[in-house]
Amino acid sequence: MPRPEVRMVTLTIDGREVEAPENSMLVDGAKHGDVEIPVFCYEPKLGPPVGACRMCLVEVEGIPKLQTACSTPVKDGMVVHTQTERVRKAQEAVVEFLLINHPLDCPVCDKGGECPLQDISYGWGGGTSRFIEPKRHFRKPLALSPLVAIDRERCILCYRCVRYSQEIAEDYQLVLLERGAHSYVGTFDSTPYVAPFAGNIIELCPVGALTSRAYRFRARPWDIEAAGSICTLCPAQCNISFTVRDDRVLRVMARDNPDVDDGWLCDKGRFAYQAVHADERVVEPMVREGGTLRPVSWERALDEAAAALSRARGRVGALAGDGATNEEGYLLGRLLREALDCNDLDSRVARGPSRETARALSAPALGATVPDVEFAHAVLVLDCEPMDDMPILDLRIRKGVRRHGMRLVVATSRPSSLDPNAAVSVRFAPGAGEAFLAALDAALAGGDVDSAAGAAGADPAAVRELARLLREAGDDVVVVWGERLTGGPRGEQAARALLNVCARLNLRRDGAGLLEIPSSANGRGLREAGVLPGAGPGWSEAADGRDAAGIARALAGGELGALYLLRTDPVRTHPDRTVWSAALARANAVIAHASVLTEGLLEHATVVFPAESYAEKEGTVTHPDGRVQRLRPAIGRPGGVRAEWQVLADVARRAGLEIALPTGAAATKLLFEAVPFYAGLSLVDLAADGVRWPERDAASALDAPAWEPVELERPPAAPSPNGALRLGTFRPIWAAPEVEVSPALRFLSARARVELSPGDARRLGLASGARVHVSHDGTGVAAEVVVRSDVPAGSAFLHEAQGANALSSGEPRLVEVRPA
């Protein structure tokens, strides 16, 4: 769908000519002439204006009454006055009215010093009040949720938070209760406002009515500094601003980047900064002595790690995961390949497609951007849950449906939070993504849909309807898909089927394409840096090696002797927990970078290097749409923490590979030189918003010819439930060590739960909240039952938390669910 064309028009504001975009709101158009019009309720991110506060009244020649500048579109030749006596009196009256019941508690209000009401009262208020009657009072402050406090006396009823809840997050929890002067913001029956994006109302509030309970009374605006960086807690890579006082992060706020996050944050990104200063954080090197990890000097830790790796030369595996930068991934690859003569390294949780097929999926012409998702004619969400996997993308998809009429199609195994917004929703069996794609390919090509749909456990009629909608919606179609779709033993076949679908829909065009959600925060960047078996930096050819699952088997079988873990714990994050536990137990050495000692590291690591937090890192990460973004340190490193690129270089030097890296910028320069399509980039180019490399001339270095549809193999059929249930697994947004060690978020820590359909629950004699044992082939986990009406019969979906990944694997399987 074409973006709206911007046509500039000329208007006159306070006697000066101003050029502004036609049909933009007058309050925005005035900024082009450096004219400020005060507002409270207006916020462009919330959508169409409501004109609730009346603070933006202006005079427009030819219209007898004062007009609200937030809801008056700019027109050519318009003459506007913002400084007349009539306007001034109206604005003073609005300020006086708002202050009638507003408490004069600025000295103790968290918003004091950065408060729009305070600023507007000084700039546009009358300076005196005629109100001598008692003010309205409420109990204060109240916990609107465990994360947000509300002071109802300060609320000016601007509707921002209510509109956000109902029109942006679409959780519909916040409402205005009572009427007139007794109106106040709350939730039905005073239920706590707990939602994945609830913290955004703190930033939206133009007064001190909504405040962060974690930040409350911690600092004043004149005590703090703001430092911009990137959140690396999930693949969304939102642009953020750290609030810093005395070298401590006290708050995280959104740093608006329309090409990435639209100015929103999820609550994990907003509140998990507390993990930076958590008591559980590792802040000095550790070596295992007598079965226990003990703090040691850096020299000893580096020597022990290098010696262990050198002893295992030729038999070392490596994994990289969440939080690792492109530079660290590049240096890890050089350490393995050049210093240790090994090619067994991976940044994925399961083996993916071949190098050539992966290059075809990464083709610049096939890549969609985040804004493309909003403006597309249709979006297919395929085998992923944006709410859990890349939360801010969930809001962008909802925005596209709500504002631009985008047609949403959801094709997943597990019911999606986006189903109510979808024109078509199709379910297929867990792990049957390949078969579903084969059915969709057949529907688009006019082939046999029934057999492939049957293998996928999907309704053939629904697949045909989905294909019809994608064909007829328009030219701009975006496919949002999860890495799990092309992971596992048949990842190559699934990827080829996906490329067939892309070719039939002609997605190699601007405004259309693929947008993959990786399994880790910097999954795309690590792959492009060469943290893959059989692929070097920039998808260059390299000697083949073992993938993550192969590394686990080789360690358990004694073929590999050591494992290097860069910010990951496979016992916690990878499928087949039992296999990984055995692998780490058998390894002669496990070298890890970690900020928190998770279960696998606590039991098996032989050397632990303290990892930097994202508030301390410098380097780059790559967004799923190919945007290279810059991490900047906001605070100093605590204790004995060192830069991780420096640690990797020191280990490599001790292992016999000299890498001259005097600074972090030097590591970035080496990376940009090694990846052909990053060529010519510099840290200065990345600036505040980053650079999307597929849009640069250097993108031609990734030679990926257009894919022509190929004949697909017959996909294996999903297992049929025969009393047992098909197992599907997913990782909730809250399943992260940062959540578990952040005091504000601890109440949201993910627990092992299994979702069942009402029919299966009745058959098994279970109800929501029941404790059950979920097992397969002698391996089982304890979980709590959640009965969901939209779960397909015959399937069970297990949250990957508290060891539940013991049951997950790269292949479909059946499980038994029995009362505990």
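The model is predicted, so local features need pLDDT of at least 70 and side-chain atom pairs count only at pLDDT 80 or more, while totals for chains, interfaces and linings use all residues. Residues are numbered from 1 along each chain as its sequence is written, and side-chain values use heavy atoms, with hydrogens and water left out.

Start with the whole protein. The protein has 26 helices and 34 strands. Both are DSSP runs numbered from the N terminus: helices are H or I with at least four residues, strands are E with at least two. The C-alpha atoms fill a box of roughly 85 × 65 × 60 Å along the principal axes. The radius of gyration is 28 Å, which agrees with the value near 28 Å for a compact globule of 820 residues. That radius is taken over C-alpha atoms, and the globule rule is 2.2 Å times the number of residues to the power 0.38.

Of the 820 residues, 60% are buried. Buried means under 20% relative accessible area, exposed means over 50%, and partly exposed lies in between (1.4 Å probe, protein chains only). The protein exposes about 31,400 Å², and carbon and sulfur atoms supply 49% of that area. Accessible areas come from the Shrake-Rupley method with a 1.4 Å probe; for residues, only the protein chains shown count as cover.

Now the charges. Side chains of opposite charge can pair when their charged atoms come close. The structure holds 67 salt bridges. Each is a side-chain nitrogen of Lys or Arg within 4 Å of a carboxyl oxygen of Asp or Glu.

Take Arg300 and Glu289, whose side chains meet in a salt bridge at 2.5 Å, N to O. Arg300 lies in helix H7 (residues 298-311) and Glu289 in strand S14 (residues 286-289), so the pair ties together parts 11 residues apart in sequence. Arg300 is partly exposed at 32% relative accessibility, and Glu289 is partly exposed at 28%.

Arg427 and Asp419 form another salt bridge, at 3.0 Å, N to O. Here Asp419 is buried, with a relative accessible area of 17%.

Asp450 and Arg464 pair at 2.6 Å, N to O. Asp450 is partly exposed at 41%, and Arg464 is partly exposed at 40%. Elsewhere, salt bridges that share partners join Glu328, Arg567, Glu612, Lys617, Arg637 and Glu644 into one network.

Stay with Arg464 for a moment. Gly446 is 18 residues from Arg464 in sequence and 9.6 Å away in space, C-alpha to C-alpha. Gly446 lies in the loop between helix H13 (433-445) and H14, and Gly446 is exposed at 67%.

Last, the backbone. Most residues other than glycine have a negative phi, and most peptide bonds are trans. The bond from Lys140 to Pro141 is cis, with omega near -20°. Pro141 sits in the loop between helix H3 (116-124) and strand S6 (142-143). Leu157 has a positive phi, near 55°. Leu157 is in the loop between strand S7 (148-150) and helix H4 (160-168), partly exposed at 23%. Asp246 also has a positive phi, near 50°. Its loop runs between strand S12 (239-245) and strand S13 (248-254), and Asp246 is exposed at 67%.
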